[in-house]
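Reader: I have not seen this structure before. Could we go through it by question and answer?

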There are 4 protein chains.
Amino acid sequence: MNQKENLADIVAAVHAEMEPHVGAGSVADYIPALARVDRRQFGLAVATCEGDTATAGAAEVAFSIQSISKVFALTLVLDKIGAALWHRVGREPSGSRFNSIVQLESEKGVPRNPLINAGAMVVTDHLLAGRRPAAAVAEIIDFIRRLADDATVSVDPEVANSEAQTGYRNASLANFLRAYGNLDNPVEDVLKVYFHHCAIAMNCRQLARAALFLANRGTDPIKGVKITTPITSRRINALMMTCGHYDASGEFASRVGLPGKSGVGGGILAIVPRRAAIAVWSPGLNRAGTSMVGALALERLAALTGWSVF
Amino acid sequence: MNQKENLADIVAAVHAEMEPHVGAGSVADYIPALARVDRRQFGLAVATCEGDTATAGAAEVAFSIQSISKVFALTLVLDKIGAALWHRVGREPSGSRFNSIVQLESEKGVPRNPLINAGAMVVTDHLLAGRRPAAAVAEIIDFIRRLADDATVSVDPEVANSEAQTGYRNASLANFLRAYGNLDNPVEDVLKVYFHHCAIAMNCRQLARAALFLANRGTDPIKGVKITTPITSRRINALMMTCGHYDASGEFASRVGLPGKSGVGGGILAIVPRRAAIAVWSPGLNRAGTSMVGALALERLAALTGWSVF
Amino acid sequence: MNQKENLADIVAAVHAEMEPHVGAGSVADYIPALARVDRRQFGLAVATCEGDTATAGAAEVAFSIQSISKVFALTLVLDKIGAALWHRVGREPSGSRFNSIVQLESEKGVPRNPLINAGAMVVTDHLLAGRRPAAAVAEIIDFIRRLADDATVSVDPEVANSEAQTGYRNASLANFLRAYGNLDNPVEDVLKVYFHHCAIAMNCRQLARAALFLANRGTDPIKGVKITTPITSRRINALMMTCGHYDASGEFASRVGLPGKSGVGGGILAIVPRRAAIAVWSPGLNRAGTSMVGALALERLAALTGWSVF
Amino acid sequence: MNQKENLADIVAAVHAEMEPHVGAGSVADYIPALARVDRRQFGLAVATCEGDTATAGAAEVAFSIQSISKVFALTLVLDKIGAALWHRVGREPSGSRFNSIVQLESEKGVPRNPLINAGAMVVTDHLLAGRRPAAAVAEIIDFIRRLADDATVSVDPEVANSEAQTGYRNASLANFLRAYGNLDNPVEDVLKVYFHHCAIAMNCRQLARAALFLANRGTDPIKGVKITTPITSRRINALMMTCGHYDASGEFASRVGLPGKSGVGGGILAIVPRRAAIAVWSPGLNRAGTSMVGALALERLAALTGWSVF
């Protein structure tokens, strides 16, 4: 599958196949602003390293990227501080849910990886680096706007506030990290930045475009701008493969065979190394918090394109 | 890196780079017969889908493949019973050591994946399927001989007996599985077959050759014989990527970027989808039970060849 | 409540109160020989330090004492080796079920206390002390016969065999202990002795009589024979109070207020320091494996006598 | 030991025996205001149901009672809402440290018992009951003043603020409880009241006096005022016996044999049912957070008086 006509055909075929499934799963109800989203939506976008884009369905409808933002925050921070990050967060699958606190106690406040909530808070703490929360939020939004080549990407303030008001589980994790000395900035500031970058709204087309550097060894293939090093790009992909879907990462690797990151807003980002970035969105979630139809669409897309890395 | 001259050069270069490191790490001391192996050995073999082989160091010295045998047992059983296996064993990283029993209690006797000890025992139970242990051992040895295209592959009886006499931890796991009804055959029989397939001795050249079907969508590229389906081959690779090194799987994915499986005998098998299978061996282990020099050699080999899937 | 007329009246009253409840709960079904016992039975016996005995119901019907035997094994071993036992087993409540293996992994093979299964196996290992299983079984039976002043107490061979054939969970625990070097004798021998002392059959009258030394600072108040030291007697009572009912020990302390030990055969032993020993039996169990009617009877008996230590 | 001359002699003897030990252990360093307390202090007070008091050492020096306050908060709340409390908190030993969050996740936000931090927060939430924090703090201080018959008992504001500023672990627990719907009041309010009642300062004489109702079936034996019911009094004693010292409760029961509650300020309260209440204080702690010299003094006092309930 090399040509763009084929890609458009495959994307259209996957879209058609998903029709009967759209609406399945349940919407994340612990964030009120997300609970109101209509489940019966599905969007798909593929951006290739050659500069082609194929979309289907609601690919222009913005959604809350939630945990997918962890990938961009991690890229920013790895570029700033490099391997020093790994003193404060691990690189192993947790074998647990996204918000589990159990391992954090037995492992003395060092989160298993930067893609579970606790790990992303440590990343966010590095991003803050003593600044005011607004400065850190601005930096990550600017970064994503540059990556997406689209200045309209922004935070949904209603979602950010909604999380801040009900995010007791995340507040528990952040205080726990701070108790172990693994947050340098005030708990409130870390949570504020964390909730804001999780509340970034993007559509599938923007998201696939923004992540394209991860398919091209760290360099934006369209603009030719280096975003991060090849080795960092590879490591982020490796983390998405082993840890991108919490305690359902193995199933995703088995079914889809691509590095990916899901968000409870129903979006999933997947990277096809050397070829493309893919974004899917459909709000209904499975029990692991991954979009049901999104995962199915990626499985079919990988099967039809032969893009599995395995 | 496409040509065989280059491959031979790279293999030789990696061998040379490893020289100062050989001997590092500690030998698995809980299996007496393994504890006596000289640490100062290193072997490397690459078998490509085109039929080329490049080797360096002690690539012809047989070693105990230990947990690497789980990959072959899994292939055999998936071919026999297919997806029915996943009712009795999961596909997720455990986040725990290879012999941990903790999750097995909270998850009611269903092991996280078939590459940790408990999961491999469930696979072994399927392999037994009511037969005498000798029949099941014979089947898996025959299977590996065919894959390696070498009738000399065999079980090291001293290692098998050594494990049987001191394998209290594995006996604990097997009894636990049986208590939850997740073993159909007698505990003694399952352990006997398990200890025997772990005690298979192979050299790097044989091991790389035997696993080549996993680099070629389930078909042996040299003989053109279908060993398993493309989808099963991909799933085994996915499992090796996410679960192949127990609680150090994330680090291996990050550093090497290839599906792999380590054994406490010091061997590591790695698959380069669509290209090659690699076997390395050096007995000194890191704290996760993976060959220290072996992992380093694979990291360098992946860097020099650009073979990382990420 | 000091006089024996009163005691007989109270025992009769408790018996009458239990009538409508007898038969409630479920019988331990993992030991086939126990699963066949008729649930609709209830026995009660109180033996006082003054030499009085009051009984009601099926106080002369023998039942399998199961885990209650751990108290006698512990007494024997503490008398042999004293505080050295505490290097290999703790004295803390486990907060877990009787057969949990989770803590055993995180605490490196040292059971939390001698009244959970794993801890009782370590006690049994000390009892064996290199002898043949039959010798150790004979010693504990002789000990209990002397305590009960009744040479007819014996092991129910059907129950012992039944446990040996289906005791996979216990075999898992024993192998786990051995893997950590916390069993000196062969696993098979430890399990054999363990299953045999758990299969001792006694009736309520015998059991209350046998444990009377624990109500009298270690000395049999009837024969005037010292069984153990006052301090060991106090410590055994303390263990029964904090750990005697696994993860329902707190509830028992709260409701009954006496040191006690339950067995899945439906028996419960309770000690009234300085006054009496009580044995109740009714086969129906609650979810923690304690006799439902037995616990209720003890609660009422403690309320009517004012015997709670609190 | 019945007469007051003997009691004074024994208290003096215990004080003398402690001399060489005073200063052992380490001071709680996570609360700065506690870390500055001089370790070389020891106080002891016994208040009997007959109205006698015997003291030794620094029995008039006020110290931070910390977790001992949980006993008074629990008494107040059980009197207000009775058994309804047990829907939101258990009565079992946790087998874990005082601030562990692990069980809270697996048991869905229901703390094991009201004497670990999380459980005491649920009790505190009931105490708040929609009021302002100052009202709840005032109520518990008034309650303790009445019990101690001493209007000078008060909160040490420096300690309360110190905990509020560094209590990240407790903030983590409170947010976790709230995430599971097991706190009705705002997290900040619950923590404020919790930190304030833990920061109550009392001396040994006041503390023994205040807890005397627990030795007398719920009624203050000096004033003849009923504080709580006999059954509630017994249950609080049972909880102190099984859960009063976190993961060292079994050892305390074994060595001392009395219901007790320790605080990281170095105080320990112990109840002798039907006889007396005892308070000891010495700031140096063992690894479980219990006063080393305090526990030793109680062990000796129990041995010399024969007051162990076992």
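Reader: In what order do the five strands of the open sheet in chain A lie?

Author: This is a predicted model. The sheet is open, and its edge strands are β2 (53-57) and β6 (260-262) of chain A, each of which pairs on one side only. The pairing is antiparallel, and the order of the five strands in chain A is β2-β1-β8-β7-β6.

Reader: By how many degrees are neighbouring strands of this sheet turned against each other on average?

Author: Strands of a sheet pair through backbone hydrogen bonds, either parallel or antiparallel. Here the pairing is antiparallel, so the angle is given with direction ignored. On average, neighbouring strands are turned by 10 degrees.

Reader: At about what angle to β8(A) does helix α13 of chain A run?

Author: Helix α13 of chain A spans residues 292-305. It lies across β1, β7 (267-272) and β8 of chain A. Its angle to β8(A) is about 145 degrees.

Reader: Why is chain A said to be as compact as a globular protein of its length?

Author: Chain A has 13 helices and eight strands. For 310 residues the globule rule gives 19 Å, and the radius of gyration of chain A is close to that, so the chain is as compact as a globular protein of that length; the radius is 18 Å.

Reader: What percentage of the residues of chain A count as buried?

Author: The C-alpha atoms of chain A fill a box of roughly 55 × 40 × 35 Å along the principal axes. Among contacts in chain A with a separation of 6 or more, 68% are between residues 24 or more positions apart. The chain exposes about 10,300 Å², with carbon and sulfur atoms supplying 49% of it. Buried here means under 20% relative accessible area, and of the 310 residues the share that counts as buried is 64%.

Reader: Which residues of chain D lose the most area to chain A?

Author: In this pair of chains, 15 residues of chain D are in contact with 15 residues of chain A. The area buried between them is about 1,400 Å², of which carbon and sulfur atoms give 60%. On the side of chain D, three residues together make up 40% of what is buried: Glu105(D), Tyr168(D) and Arg169(D).

Reader: How far apart are the closest C-alpha atoms of chain A and chain C?

Author: Contact means heavy atoms within 4.5 Å, and no contact joins chain A and chain C. Chain B and chain D are likewise joined by no contact, with their closest C-alpha atoms 10 Å apart. For chain A and chain C, the distance is 10 Å.

Reader: How many residues of strand β1 of chain C are buried?

Author: From β1(C), Gly43(C), Ala45(C) and Ala47(C) point one way, while Leu44(C), Val46(C) and Thr48(C) point the other way. Both groups are buried. The count for the strand is six of six.

Reader: Which residue takes a positive phi in the hairpin of β1(C) and β2(C)?

Author: β1(C) pairs with strand β2 (residues 53-57) of chain C in the antiparallel sense over five bridges. In β2(C), Thr55(C) is the bridge partner of Ala45(C). Four residues lie between the strands of the hairpin, and the residue with a positive phi near 100 degrees is Gly51(C).

Terms used. Residues are numbered from 1 along each chain as its sequence is written. Chains are lettered from A and ligands numbered from 1 in the order in which they are written. This is a predicted model: local features need pLDDT of at least 70, side-chain atom pairs count only at pLDDT 80 or more; totals for chains, interfaces and linings use all residues. Side-chain values use heavy atoms; hydrogens and water are left out. Two strands pair if DSSP finds at least two bridges between them. Helices (H or I, at least four residues) and strands (E, at least two) are DSSP runs, numbered from the N terminus. Axes are lines fitted to C-alpha atoms, for helices over the stretch in contact, and angles run from 0 to 180 degrees between N-to-C directions. The radius of gyration is taken over C-alpha atoms; the globule rule is 2.2 Å times the number of residues to the power 0.38. Buried means under 20% relative accessible area, exposed over 50%, partly exposed in between (1.4 Å probe, protein chains only). Accessible areas come from the Shrake-Rupley method with a 1.4 Å probe; for residues, only the protein chains shown count as cover. Buried area is the accessible area (1.4 Å probe) that two parts lose on being put together, summed over both.
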